[in-house]
Amino acid sequence: MTQTVAVLGTGKIGEALLSGMIRAGWAPEDLLVTARRTERAEELQTRYGVEAVGNAHAAKTADTLILAVKPQDMGALLAELAPHVGADKLVISAAAGIPTAFFEERLTEGTAVVRVMPNTPVLVDEGMSVISAGRHADETHLARTEAIFQPVGKTLRVPEKQQDAATALSGSGPAYFYYLVEAMTDAGILLGLPRAQAHDLIVQSAIGAAVMLRDSGEHPVKLREAVTSPAGTTISAIRELENHGVRAALIAALEAARDRSRELATGV
């Protein structure tokens with residue numbers, strides 16, 4: 001049976017999912033989008049051949065609803081959708097920090113809710129999307145969710161109690177790497193390299209290291225040790241990182257991100 005999917009709040013992440021579904025073979029006529037601004041709705045219709053509709057129409061028409069609005073906007077959206085969402089719908093939330101219980105309390109009893117934490121590399125089909133089932137979501141609902149998110153990267157199922165940790169590690173994760181690249185670029189300039197050259201050296205090193213981590217099957221310690229010669233340049237740099245508490249700072253940063261994810265669930 002053909003399934004109709006609606007993306008509500010089609011910003012960058014929502015558009016990336018829409019584009020990925022079309023590339024994976026979804027027919028544009030089976031996809032609906034909503035957007036706050038009329039010009040944005042028209043842009044999506046022109047670019048993808050999908051129909052732009054209002055939130056209530058999307059809720060009544062689609063079999064699967066992907067809610068991709070900001071966490072602080074989710075309560076108002078659910079109030080608008082609730083009268084039109086029956087228990088036969090699948091509701092997928094891509095909002096950080098909000099538990100499935102928040103949706104289940106506001107929608108028809110028995111509605112299947114799946115919580116997903118994607119990250120921004122979905123924009124280049126290299127995303128990591130972490131998936132958790134609500135009380136009423138079964139294997140069919142999880143498989144349907146994976147079919148939507150897999151075209152834009154990898155998916156991983158975790159118990160919902162692990163979602164805040166996954167948000168800290170993966171959802172926010174790209175920002176940590178950008179921060180590191182920024183710092184290393186500044187260091188390269190300090191060492192006498194032009195900014196463009198420093199940037200290229202670091203980005204290609206990051207890409208190569210990531211591919212080796214993904215494809216070699218080796219533990220990161222082994223890969224690091226392969227670069228670290230006795231009394232060489234790398235071990236000198238590693239010693240300074242340890243002296244400055246970089247490892248401890250990363251752990252503290254991830255704990256702070258996890259705690260903030262928990263706070264988002266309370267509306268703080």
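Q: What volume of space lies in the second largest pocket?
A: The second largest pocket holds about 860 Å³ of space, where a volume is the space filled by probe spheres set on grid points joined across faces, edges and corners. This is a predicted model, in which local features need pLDDT of at least 70 and side-chain atom pairs count only at pLDDT 80 or more, while totals for chains, interfaces and linings use all residues. Residues are numbered from 1 along each chain as its sequence is written, and side-chain values use heavy atoms, with hydrogens and water left out.

Q: What makes a space a pocket, and which lining residues are closest to the centre of this one?
A: On a 1 Å grid over the protein atoms alone, a pocket is an open set of points with protein on both sides within 12 Å along at least five of seven lines, and lining residues have an atom within 4 Å of a point. The second largest pocket has 30 lining residues, and Gly9, Gly11, Ala68, Val69 and Lys70 are the closest to its centre. Helix 1 and helix 4 (74-81) each give two or more residues to this lining, and helix 1 has the largest share, three residues.

Q: How many residues of each class are in that lining?
A: The lining has 14 nonpolar, ten polar and six charged residues. Gly counts as polar here, and Gly9 and Gly11 are among the lining residues.

Q: Why is Asp63 called partly exposed?
A: Buried means under 20% relative accessible area, exposed over 50%, and partly exposed in between (1.4 Å probe, protein chains only). Asp63 has 24%, so it is partly exposed. Asp63 sits in the loop between helix 3 (55-61) and strand 4 (64-67).

Q: Why does Ala231 count as exposed?
A: Its relative accessibility is 82%, which is over the 50% limit, therefore Ala231 is exposed. Ala231 lies in the loop between helix 10 (220-227) and helix 11 (233-243), and has a positive phi of about 55° although it is not a glycine.

Q: Into which class does Asp125 fall, and where is it found?
A: Asp125 has 31% relative accessibility, so it counts as partly exposed. Asp125 is in the loop between strand 6 and strand 7. Its phi is positive, about 60°, although Asp125 is not a glycine. Most residues other than glycine have a negative phi.

Q: What makes a group of residues a nonpolar core, and which members touch the most others in the largest one?
A: A nonpolar core is a set of buried Ala, Val, Leu, Ile, Met, Phe, Trp, Tyr and Cys residues joined through side-chain atoms within 4.5 Å. The largest core has 25 residues, and Met21, Ile66 and Ile148 touch the most other members. Helix 1 supplies four residues, the largest share. A second, separate core of 22 residues includes Leu67, Met74, Val91 and Leu107.

Q: Which residues is Ile148 in contact with?
A: Contact means heavy atoms within 4.5 Å. Leaving aside neighbours within four places in sequence, Ile148 is in contact with Val5, Leu17, Met21, Trp26, Thr64, Ile66 and Ile92.

Q: How many helices and strands does the protein have?
A: There are twelve helices and eight strands. These are DSSP runs numbered from the N terminus: helices (H or I) of at least four residues, strands (E) of at least two.

How values were computed
1 Å grid on protein atoms, 1.4 Å probe; cavity = no way out; pocket = protein on both sides within 12 Å on 5 of 7 lines; lining within 4 Å.
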